[in-house]
Amino acid sequence: MLDEKDRVILALLAKNARITLTSIAQAIRISDVATKKRLQKLESRGVIVGYRALVNPREVGYNAVALIGVNAEPGRVVEIAAALASRRDTTYVAITSGDHDVIAEVWARDSGELLSKIKEIESLSGVKDVCPAILVDTIKYHTSLPEEFLRKNLEGVERREGED
């Protein structure tokens with residue numbers, strides 16, 4: 001179970017994954033060593049699953065991005081999800097309970113390459129159909145935590161920083 005200090009650590013990291021250990025420790029008012037132990041515990045428990053840079057695909061040469069819904073033959077959903085996750089062009093794969101069995105985000109250099117990738121996915125054994133949604137513009141990038149979590153858990157910290 002997460003306590004208040006853990007939630008503040010997560011909110012601080014979600015806001016700025018490059019925040020220093022010392023800054024986190026000061027915000028939650030414990031030592032650097034205790035903060036490091038808390039971080040390690042959050043990592044080992046799988047609460048924190050990684051630290052990554054958020055990248056604009058177009059700025060690194062990927063001008064065609066799609067969210068692809070994939071429907072699988074009965075009993076093959078996990079296999080299809082694993083196959084999609086192993087592809088070097090997917091940035092996100094999830095098994096869903098919605099309109100599609102699996103959702104994958106696929107990056108390509110251009111629309112021609114994206115079409116080829118979609119055809120490759122369609123040809124995977126066990127795939128019934130593929131429903132791509134090509135992203136025209138990104139209004140909000142993925143966030144690691146919802147804004148309401150950040151607001152709730154940083155409220156007291158930001159107020160204390162203003163007092164210092």
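How many bridges pair β1 and β4, and in which sense? β1 and β4 pair over seven bridges in the antiparallel sense. The legends below describe close-up views of a predicted model, in which local features need pLDDT of at least 70, side-chain atom pairs count only at pLDDT 80 or more, and totals for chains, interfaces and linings use all residues. Residues are numbered from 1 along each chain as its sequence is written, and side-chain values use heavy atoms, with hydrogens and water left out.

**View 1. The open sheet of four strands.** The strands are arranged in the order β2-β3-β1-β4 with antiparallel pairing. β2 and β4 (127-134) stand at the edges, each with a single partner strand, so one side of each is left without a neighbour in the sheet. On average, neighbouring strands of this sheet are turned by 20 degrees against each other, direction ignored; axes are lines fitted to C-alpha atoms, for helices over the stretch in contact, and angles run from 0 to 180 degrees between N-to-C directions. Helices (H or I, at least four residues) and strands (E, at least two) are DSSP runs, numbered from the N terminus. Two strands pair if DSSP finds at least two bridges between them.

**View 2. Strand β3 and its partners.** Strand β3 covers residues 102-108, and six of its seven residues are buried, buried meaning under 20% relative accessible area, exposed over 50%, and partly exposed in between (1.4 Å probe, protein chains only). Strand β1 (residues 64-72) runs antiparallel to β3 and is joined to it by seven bridges. Five bridges join β3 to strand β2 (residues 90-95), again in antiparallel fashion, and the hairpin formed by β2 and β3 has six residues between the strands. The bridge partner of T90 in β3 is V106. G69 has I103 as its bridge partner in β3, and C131 as its bridge partner in β4.

View 3. The buried residues of α4 are I80, A81 and L84. Seen down the axis of α4, these residues fall within an arc of 100 degrees, so they line one face of the helix; the arc is that of the directions from the helix axis to the C-beta atoms. Their cover includes β1, β2, β3, α5 (111-122) and β4.

**View 4. The largest nonpolar core.** A nonpolar core is a set of buried Ala, Val, Leu, Ile, Met, Phe, Trp, Tyr and Cys residues joined through side-chain atoms within 4.5 Å. The largest core has 17 residues, of which I68, V70, L84, L114 and I121 touch the most other members. β1, α4, β3, α5 and β4 each give two or more residues to this core, and the largest share, five residues, comes from β1. Leaving aside neighbours within four places in sequence, I121 is in contact with I68, V70, L84, R87, V106, V127 and V130.

**View 5. L42 and the second core.** A second, separate core of 16 residues includes I9, I24, L42 and I48. L42 lies in helix α3 (residues 32-44) and counts as buried at 0% relative accessibility. Beyond neighbours within four places in sequence, the contacts of L42 are L2, D6, I9, L10, V47 and I48. L42 and N63 are 21 residues apart in sequence and 36 Å apart in space, C-alpha to C-alpha.

**View 6. Salt bridges.** The whole structure contains seven salt bridges, each a side-chain nitrogen of Lys or Arg within 4 Å of a carboxyl oxygen of Asp or Glu. The side chains of D6 and R38 meet in one of 2.8 Å, N to O. D6 lies in helix α1 (residues 4-15) and R38 in helix α3, so the pair ties together parts that are 32 residues apart in sequence. D6 is buried, with a relative accessible area of 7%, whereas R38 is partly exposed at 22%. The side chains of E120 and R87 also meet in a salt bridge (2.9 Å, N to O). This pair links helix α5, which holds E120, to the loop between α4 and β2, which holds R87, 33 residues apart. R87, D89, K117 and E120 are linked in a network of salt bridges.

Terms used. Contact means heavy atoms within 4.5 Å.
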